Amino acid sequence: MSVSFGHAPLRRGALLHINSTKPPLSKLKFPFLFSLSFSTRTPPVASMSYDKQLAAAKKAASLAARLCQKVQKALLQSDVQSKSDESPVTVADYGSQAIISFILEKELQSVPFSLVAEEDSGDLRKEESRETLHRITELVNETLASDGKLNISPLSEEDVLTAIDNGKSEGGPHGQHWVLDPIDGTKGFVRGDQYAIALALLDEGKVVLGVLSCPNLPLTSIVTGNTSILEDKAGSLFYAQVDCGTYMESLDGSPPKKVHVTTIENTEEASFFESFEAAHSSHGLSSLIARKLGVKAPPVRIDSQAKYGALSRGDGAIYLRFPRKGYREKIWDHAAGYIVVAGS
């Protein structure tokens, strides 16, 4: 889809993350406003099936969500550490990465394993983190045991550290590489609001599948309700494979449902999403653009890539994101969400 301010209506599809890199000023129609475009067609890749990888990714993300739900329910101050970028890191963050790394490597033993992920075990290897590491290892083993189908021995603390550090791959333009944000939206997680486990697979530099596990996102639309934990506590799992569409199911295993972006074409009827945290995106600039587009509804502010999942099923029509100066986007911030929307 594309948008031309003041001329063309919003066409079917979703307006997504907007790159903050601006074209030369001579090409700008309005100060600070620039051409917006997003293709809902996934890039061409060699025709092949990723069914086995998708099944492993769904399993890994669902188990990670189970761990995260348990920690969030009993969130303790001691579960929160600080990180150099000043965002909170929780026991669930490390535990989620350890589980996903372990499951992917176990389920896909026939292919080289490469994982580009947010966390590493550096802080956990410090003496003052021994209790935290012990807690993470307990949670990981409890979660793996709860599956009932995994015939494995309990992991040691060193096993957990190794699994976390498997995410230190440098990736690259060739081969297959997994990309993971073990908890996207850590501030939302700590507040008890929205967060997502975001996992994607790149093949020869192209995103070919993605899974978004959103434990606090209900299966029904969030636009008319509260974006916190609602009565519908099942949580939502979105997944997409290149050229196969996007599907949603509950985290407790409801039948999958194919989802589609909104069919709204009139921007006056559109609702738009933006980041909950003003530090992540300029709310003022989003508001300005929304007015230029003729959007009348107030913004729906949500943490994490849960926005992409909600967008893929038509909860909203627009997602505006303008990172502030100095903020550096990372591949795990958008890879899974991108293909989930592109497939819908």
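**Figure 1. Overall view of the protein.** The secondary structure of the predicted model comprises eight helices and 14 strands. Of the 344 residues in the protein, 53% are buried. Among contacts between residues at least 6 apart in sequence, 74% join residues at least 24 apart.

**Figure 2. Packing of helices H1 and H2.** Helix H1 spans residues 51-73 and helix H2 spans residues 91-107. The two helices pack at an angle of about 155 degrees, and their axes lie 9 Å apart. Because angles over 145 degrees count as roughly antiparallel, H1 and H2 are therefore described as roughly antiparallel to each other. The crossing of H1 and H2 is right-handed.

**Figure 3. Residues at the contact of H1 with H2.** On the H1 side, the contact includes Lys52, Ala56, Ala57, Lys59, Ala60, Ala61, Leu63, Ala64, Leu67, Cys68 and Val71. These residues meet Ala92, Gly95, Ser96, Ile99, Ile100, Ile103, Leu104 and Glu107 of H2. By class, the residues of this contact divide into 14 nonpolar, two polar and three charged.

Figure 4. Helix H3 consists of 17 residues, 130-146. At 1.5 Å a residue, H3 should span 24 Å, which agrees with the 24 Å between its end C-alpha atoms. Buried residues of H3 are Thr132, Leu133, Ile136, Thr137, Leu139, Val140, Asn141, Thr143 and Leu144. In an α-helix, residues three or four places apart point the same way, because there are 3.6 residues a turn. Just after H3, Gly148 adopts a positive phi of about 80 degrees.

Key. Residues numbered from 1 in each chain as written. Predicted model: local features only at pLDDT ≥ 70, side-chain atom pairs only at ≥ 80, totals over all residues. Heavy atoms only, no water. Helix = DSSP H or I, 4+ residues; strand = E, 2+ residues; numbered from the N terminus. Expected span 1.5 Å × (residues − 1). Buried < 20%, exposed > 50% of the residue type's maximum accessible area, 1.4 Å probe, protein only. Axes fitted to C-alpha atoms, helices over the stretch in contact; angles between N-to-C directions. Parallel < 35°, antiparallel > 145°, perpendicular 65-115°, else oblique. Left-handed = near helix turned anticlockwise from the far one by under 90°. Contact = heavy atoms within 4.5 Å. Nonpolar A, V, L, I, M, F, W, Y, C, P; charged D, E, K, R; others polar.
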